[in-house]
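Hi everyone, thanks for coming.

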Amino acid sequence: MAVAALLTTASLAACGDSGSSSEGAAKTLSYWASNQGASIEFDKQTLQPELDKFEQQTGIKVNLEVVPWSDLLNRLLAAATSGKGPDVVNIGNTWSASLQATNALIPFDDATLARIGGKDRFVPAALAAAGAPGKPPAAVPLYSLAYALYYNKKMFADAGIAAPPATWEELVETGRKLTRAGQWGLAVEGANPAENSHHAFTFGQQWGGEWFDSAGKPTFDTPQNVAAVKRYIDLMAVDKIVNPSNAEYAQNQSVADFANRKAAMLLWQAAGSNFKAQGMSPEEWGVAPVPFPATPPPGGKKVNSMVAGINIAIFAHTENRDGALQFVKFMTSDAEQVILNKTYGSLPSVKTVSADPAFQAPEQKVLGEVLAATAAPLPQVPEESQFETLVGTAMKELFADAASGKVVTEALVKEKLGVAQQKMGS
Amino acid sequence: MATTTAPGPVRPAGRPAEDGPPSRRRRRGVRRSYLPYLLLVPAALLELGIHVVPMLVGVWMSLLELTQFHIRDWSTAPFAGLDNYRVTFDLDSATGRDLLHSFWVTTAYTTLSVGLSWMLGLAAAVFLQRPFKGRALLRTLFLTPYALPVYTAVITWTFMFQRDTGLVNHALDQLGLVDGANPPFWLIGENSFVALLVVSVWRSWPFAFLCLMAGLQNVPAELYEASAIDGANFWRRLRDVTLPMLRPVNQVLLLVLFLWTFNDFNTPYVLFGGSAPRQADLISIHIYQSSFVTWNFGLGSAMSVALLLFLLVVTAGYLLVTNRRREHA
């Protein structure tokens, strides 16, 4: 009996061991895609036909898993730590330098880039957001995105507003006119640390702040950054054009509020396809670049978006590096770039197809212009993902204070950012 | 961690040991004394693989500077000695202060949650002790929260706690308890602690109810009859019959509830989406934030080891005190 129990234990342990992903065969790849469309299911339906095409061309079968954003970084971290996981992955481009530091991704040096069509194919700003400066990129860009100001055309017309605001002062004024019972001027995703930190970056640039110095040390609580974060929080705290309820939004409820006509304006990346999925017709909304301050503060930069986007990377533990490179080449090929970016409303990461009619819609034109002229990459330092979490969480707390009627002073903002900075050092 | 029972050689009761020739008797005696250990081997191996080894690895990690630069190959991580512990317990630094804050929040949360769950469980078990029409139905109903999958249940609570569209504010508004134009937040700010406590008690009181109900089955009816004849009222019977008879059940129940609640990760993680408000910053979430989110696994491990030691001390102290009291009783 005891022997039987022992045998059972041994076989259980054996079962536990057999879960590794190394198929060994050169004929399969596993791929984790990020969630780009309105749902995981939508993404599967979008990607599967393309993966079938790839299998026809090369004989390599790609096993797809679409991973929600809330899990992706943890899953990547687990794969990097254990050396077990997919061959090819999508990563948020802001994580590039952080993941690069783990050495878990293969570097795209010039020779490797040559195998997927060469460095010159890619939009330079997008490639610059694929790793720390001076190092071979840890990934290559796949989908490019930028922030824009989305506004409800009918609400604007009803209130007699002719044009979307170009400065924050105009945005506040417009927002006040549009805030009334059951309707708010602007919607924000106040409890989502990543969204908050992206705005912290853009506002910081406009107010002359930097989140890391040239040595890569955090500089969170400088007066410029404090003023920048306060400006963003004040949209709710002082200007009262944001519904206090937005302080608990973290599941894209702000997009839903805009699509359901509860808010007149929204700052978001390529939101058009999402609005459509929620039943808002493209005629109802307009798109404009994110505003600037009317008079730029000293040192302020003309930046109104981060270089947002999704990169595609290969894990160094892959046993099928050739196949993985072929797959990356396929995903960044002209044909696939048009098909996929058109579906997701994002912009191609390669220069060759930017003139395609698919990217001439008003939304894509605005995003393209912003990316070309007034977007800057988030700091490409290994601690970037910690910056997003810590500063984003501090802003979540500030929104919570503002929503419960507390006065958000400069001292309070400075204190929160200071605590976030201390945690970076430990 | 809380298992303290290690049965010695078993002697079958009610059977004389003298039957059979002496040599056979001895062999059987030897076999009998090994058998319990053999039977424990699978459990011991699993315990070793699932608990002890990971704990030791955790202790090792806590001595390393294990950040994103080294997680792929631990052998490259510099030895940090006790540096991670120094940061953990440095109350002048933001990290140490926040950990202490989180510890107090968790202590308050655990005390209230275990206390309320136990009281609700006891009340329900006592009132359902005597048969009446619909008793089985009520029992089933009370056990529902315990049977639901944690994630699904807590996600439903997050919907209910939403400020504008949640059921909780709607119900409170209907009852005239909150201002409908300016309803309170439950998932951020001061009230988040209350929201967390409500969900926790909702989830764990059925377990207390189940254990206490089972314990009450063992209380002989004669004791109640005798005390009733002596003129004891309901409270007197509760205090002098029910509670003393439930002591062995309570001893285990309170310990298990304490450990589960103090370590609870799922409830705050699902309720607050990974970054808990300061007022509801439980220690498990705090450690998760300090390791997975900031990619500092050495520091996170040091905090985990400190938590482990704290829980060990509390558990050992509790068992010591309760066992001594039982012996004296």
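Before we start, one term: when I say two residues are in contact, I mean that their C-beta atoms, placed from the backbone, lie within 7 Å. Also keep in mind that this is a predicted model.

Okay, let's begin where the chains meet. How many residues of chain B are in contact with chain A? It's 30 residues of chain B, and they touch 32 residues of chain A. On the chain B side, the elements giving two or more residues are helix 1 (22–62), helix 3 (94–127) and helix 11 (283–293) of chain B.

Now for the inside. The largest nonpolar core has 175 residues, and the ones touching the most other members are Tyr150(A), Val229(A) and Leu266(A). Helix 7 (residues 192–216) of chain B gives the largest share of this core, 12 residues. Let's pick out Leu266(A): leaving aside residues up to four places away in sequence, Leu266(A) touches Tyr150(A), Ala187(A), Ser254(A), Val255(A), Phe258(A) and Ala271(A).

Last stop: Ile229(B), which sits in helix 8 (residues 221–229) of chain B. Is Ile229(B) buried or exposed? Ile229(B) counts as exposed because it has 8 C-beta neighbours inside 10 Å, and the cut-off for exposed is 12 or fewer. From Ile229(B) to Pro244(B) you go 15 residues along the sequence, and the C-alpha to C-alpha distance in space is 19 Å.

Note on methods. Residues numbered from 1 in each chain as written. Chains lettered and ligands numbered in written order. Predicted model: local features only at pLDDT ≥ 70, side-chain atom pairs only at ≥ 80, totals over all residues. Helix = DSSP H or I, 4+ residues; strand = E, 2+ residues; numbered from the N terminus. Buried ≥ 20, exposed ≤ 12 C-beta atoms within 10 Å, placed from the backbone. Core = buried A, V, L, I, M, F, W, Y, C linked by C-beta atoms within 7 Å.
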